[in-house]
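Visitor: Could you put the model up so that we can go through it piece by piece?

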Amino acid sequence: MNNHLTLGFSPCPNDTYMFYALVHNTVDTGALRFTPDIRDIEALNLAALAGELDVTKVSFHAYGLLRDTYRLLRSGAAMGRGCGPLVVSLRPTSMTGLVGKKIAIPGRYTTAYLLLQLYDPAFSCNVVEMPFHAILDAVSDGRVDAGLIIHESRFTYAGHGLTLVADLGQWWEQTYGLPIPLGCIVARRQSVDEPLARRVSTAIRESILYAYSHPQETLEYIRGYCRELSEVYIRGHIDLYVNDFSLDMGQEGERAVAVMLQLAQERGILKHEQLKAIT
């Protein structure tokens, strides 16, 4: 079994923070070695759907289509409360008022888009895909009527003169009483068997614990990929998305994932035809 693995993760502070120690070999991983592949989350989703990466961050939406080819690891998840995607617009409106309007989304396989469809199936039409960092400008200049925002856009949308329409994470938590599962780490079954997957998961946990103990050491690496260089912003982003669920999703996390994917299947959002169309 191969001990040299490709490792996909996003340039967002929570990921560069969690994987710093693995990339720099500052924790004991035995013979395991990781080659980083850093891409936007939707690019990672598409790479995993094409079977390109050994170990990678993906959206839980994408994982719903990857379960036959990738194993879910217990460590490295982006999951929690108060951290879900937001819908924003230039002028005050309601979600009902946005039905049939043009909404920018950060990718068709993101959990954000899955949540939007779970909120109301009417939002499965008339969406415009674009990189997450381009959405705020698209809403501000009127190219779209609203935007579905994730990552640092949660912290900066007000500075673009935009207003909050709905917090989909809050809706999820109030409706189902569960943390919001956003992203996870998966390992390709073809190249990572179950014992190796457990070793990888342990290595990720150790990498996170190292980051907890050496926050200043990780900062320069994080800033090398981050769009917002303020240390206050970076720490806020990490505190929001890296937590106990990142160390181990636990039974509550497992339950949240199971409920989300079951709802997606029952409502016809997760279809095997989608995967066949890609591969």
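**Strands, helices and their contacts**

Visitor: Which residues of β3 point one way, and which the other way?
Guide: From β3, V55, K57 and S59 point one way while T56 and V58 point the other, and all of them are buried, where buried means under 20% relative accessible area, exposed means over 50% and partly exposed lies in between, with a 1.4 Å probe and protein chains only. This is a predicted model, in which local features need pLDDT of at least 70 and side-chain atom pairs count only at pLDDT 80 or more, while totals for chains, interfaces and linings use all residues. Residues are numbered from 1 along each chain as its sequence is written, and side-chain values use heavy atoms, with hydrogens and water left out.

Visitor: And how do you decide what a strand is?
Guide: Strands (E, at least two residues) and helices (H or I, at least four) are DSSP runs, numbered from the N terminus.

Visitor: Which strands are joined to β3 by bridges, and in which sense, parallel or antiparallel?
Guide: Strand β1 (residues 4-9) runs parallel to β3 and is joined to it by 2 bridges, with L7 having V55 as its bridge partner in β3. β11 runs antiparallel to β3, with 5 bridges joining them, and T56 has its bridge partner in β11, namely V186. Two strands count as paired if DSSP finds at least two bridges between them.

Visitor: Switching topic, in what order do the 5 strands of the open sheet come?
Guide: The order is β8-β7-β9-β6-β10, with mixed pairing. β8 (127-129) and β10 are the edge strands, each pairing on one side only, and the twist from one strand to the next averages 30°.

Visitor: How many bridges are there between β6 and β9?
Guide: There are 4 bridges, in the antiparallel sense, and V88 stands opposite G147 in β9. α8 packs on the sheet, where it touches β6, β9 and β10, and its direction makes about 30° with that of β10. Contact here means heavy atoms within 4.5 Å.

Visitor: Which residues of α8 are buried, then?
Guide: In helix α8 (residues 168-176), the buried residues are L168, G169, W171 and W172. The arc they cover around the axis is only 160°, which puts them on the same side of α8; that arc is taken from the directions from the helix axis to the C-beta atoms. Among the elements that cover these buried residues are β6 (86-89), α5 (111-119) and α13 (250-266).

Visitor: What caps the N-terminal end of α8, and what follows the helix?
Guide: The cap is D167, with a side-chain oxygen 3.0 Å from the backbone nitrogen of G169, and after α8 comes G177, whose phi is positive, near 65°. A polar contact is a pair of N or O atoms within 3.5 Å; within protein, one must be able to donate a hydrogen and the other to accept it, and residues adjacent in sequence count only if both atoms are side-chain atoms.

Visitor: OK, on to α11: at what angle does α1 pack against it?
Guide: The angle is about 80°, with the axes of α1 and α11 8 Å apart, and that makes α1 roughly perpendicular to α11. P13, N14 and Y17 of α1 take part in the contact, together with α11 residues including Y233, I234 and Y241. Axes are lines fitted to C-alpha atoms, for helices over the stretch in contact, and angles run from 0 to 180 degrees between N-to-C directions. Angles under 35 degrees count as roughly parallel, over 145 as roughly antiparallel, 65 to 115 as roughly perpendicular and the rest as oblique.

Visitor: How about α1 and α9?
Guide: The axes of α1 and helix α9 (residues 194-213) cross at roughly 110° and come within 7 Å, and the two helices are therefore roughly perpendicular to each other.

Visitor: Back to Y241: is its side buried or exposed, and what does it touch?
Guide: Y241, which lies in helix α11, is buried, with a relative accessible area of 6%. Not counting residues up to four places away in sequence, Y241 touches N14, A77, A78, C83, H151, R154, L182 and S246.
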